[in-house]
Every structure is written in structure tokens, then in C-alpha cells.
Amino acid sequence: MADMRLIVAGAGGRMGRALTRVISETPGAVLTGALEAPGSELLGKDAGVLAGLPANGVQLSADLWTLSANADGILDFTVPRATIANVAIAAERGLVHVIGTTGLSSSDEAVINSVTSRAVVVKSGNMSLGVNLLAALVKRVAQSLDESYDIEILEMHHKGKIDAPSGTALMLGEAAAAGRGIKLEDHSARGRDGVTGSRRSGDIGFASLRGGTAAGDHSVIFAGPFERLILSHHAEDRVLFAHGALKAALWAHGKKPGLYSMADVLGLGDI
């Protein structure tokens, strides 16, 4: 099979540069386009040079329609507004759209869902193998332990992260809620401050820390009578998310239209 031709959205950012490097190292994948926001001072720059590689001749552009004419997929770790702008073009061009963007609203999710009858979308709050295994474990533990075990999710990211809780924390919350057979939006406790009263039974709590250069730390705490079970994952370098996203793109190439997750990519859908 020919190499999968990929566009990196947000190619000038930290994640975009990591994706460019990983594509250059991966057999079966080739960088064919580098997308950046209109007005960016990086437009016209060489994607390889920005990623610390030799020049590859792929210049950053703000024109996804033109870039996508000769592409098979797009790796999208940008911001919600940019991702939603990319959705329709990716679907129209028949691209595999791998979405790692976090902070998506319910209306954003509806837009993404609207194209999945004709497009292949792989979306996850975290593309890490370890995190997705963690989510499977969280769901299983939540099934096994009753409401006498309170569930709290703690996450920490670098000081530049703009959304909270993290997409990964919310993914873990959804896994816990699925295990309990409840809806997360009905049992989510966030931002406790002041005199809050005692903890409501059945809630899933979230706490977000920001500072330094932390790539991503997540812990799910099951706090029961006289014991605590803590399941954790610690990301050491954002390159792990790039590897996961590329694995997702290669897996999805040729799949029938639909909305997929990393659980599907890793064969964890039945857990």
C-alpha cells in the first residue's frame, strides 16, 4: 500500500512539530501538508526546519482546501474553533480526521458527529496507549465498586494549557460514569471553593493543577471506607501523543465512515 499522505494542523505549535518529527520517522506515512492559522508569522516556513529536521519542502499554509487535494488524512491537535473549521473540508475531501483537540463544547461535538455518516473521524481526549488502557481499567473498577467509594480525578498540566479539566480527565470521568451506569454531566463536581457542604454521594470530582512544563499527569482515586485505590498515568513527553495519533491515522486509513476512538484503535472497545 502507498504511504499515507498526512497534513499536520497547527504545524507551528509544539504538538504540530512533534507530529512532523514522528511522521518523518514512521514507515508508511509521509507529510504532505502543514496547516497553520491565517495571519501566523510562521506561514511560508518549512515544516521540517521548524521541527528541528532538515528542510522537507513542506511550507506552512493557511489553505486547507488546497493542501487537502493530495492528502489522505489530517492530524488535528489545535483549538476548538480551528478544528471545527477543518471538519467540513476534511469530510468533503474524504480525509481521515484524527482529532486530539480538547475543550470541545457540546455544539462542537455535534458538528463533528454530523459528518461521521460520510467521513472517518478518530477522536480522543488523549491519544496515549497508556491513558486509554487506564480508562478501560477505570471503567472496570467503577463497575466493581459501589457508591461507598468516592471517585476523584486529579490532573496536572503545563502552565500554558488553556482548558480545564483536561480532555483526558473528562475522558476518565466518562469511563468512570459508564462503569457506574450514570451520566457524567449529572454527577460532575468541579471547582470546589468556600463552604461547599459535604460531598454529594455518587459525584465524580475533578481537580486541575497548572504549572511548569508538565506534559500531563492524571490520577483517578477511588476513596472508600478505610482505603483508597489510585490509578495513575504520567506522560513524560508529548511525543507519545504524536505516536498514538499516527497509529490512529494508519489504523483508520480505509475504514468505513464513522466516529472511532482510541479504544477502537487499540481493540479495547469491548472493555
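**Entry 1: two helices.** I started with helix H6 (residues 129-144) and helix H7 (residues 167-180), which pack at about 30° with axes 7 Å apart. Because angles under 35 degrees count as roughly parallel, H6 is roughly parallel to H7. I noted that axes are lines fitted to C-alpha atoms, for helices over the stretch in contact, with angles from 0 to 180 degrees between N-to-C directions. Helices are DSSP runs of H or I with at least four residues, strands are runs of E with at least two, and both are numbered from the N terminus.

This is a predicted model, where local features need pLDDT of at least 70, side-chain atom pairs count only at pLDDT 80 or more, and totals for chains, interfaces and linings use all residues. Residues are numbered from 1 along each chain as its sequence is written, and side-chain values use heavy atoms, leaving out hydrogens and water.

**Entry 2: the sheet.** I traced seven strands in an open sheet, ordered S3-S2-S1-S4-S5-S6-S12, with parallel pairing. Two strands pair if DSSP finds at least two bridges between them. At the edges I found strand S3 (60-61) and strand S12 (258-260), each pairing on one side only. Strand S2 (residues 29-35) runs parallel to S3, joined by two bridges. I saw Ala34 opposite Leu60 in S3.

**Entry 3: helices on the sheet.** I looked up helix H4 (residues 80-93), which packs on the sheet and touches strand S1 (4-9), S2, strand S4 (73-76) and strand S5 (96-99); contact means heavy atoms within 4.5 Å. The direction of H4 makes about 165° with that of S5. Helix H8 (residues 239-252) also packs there, touching S1, S2, S4, S5, strand S6 (120-123) and S12. For H8, the angle with the direction of S5 is about 155°.

Terms used
Angles under 35 degrees count as roughly parallel, over 145 as roughly antiparallel, 65 to 115 as roughly perpendicular and the rest as oblique.
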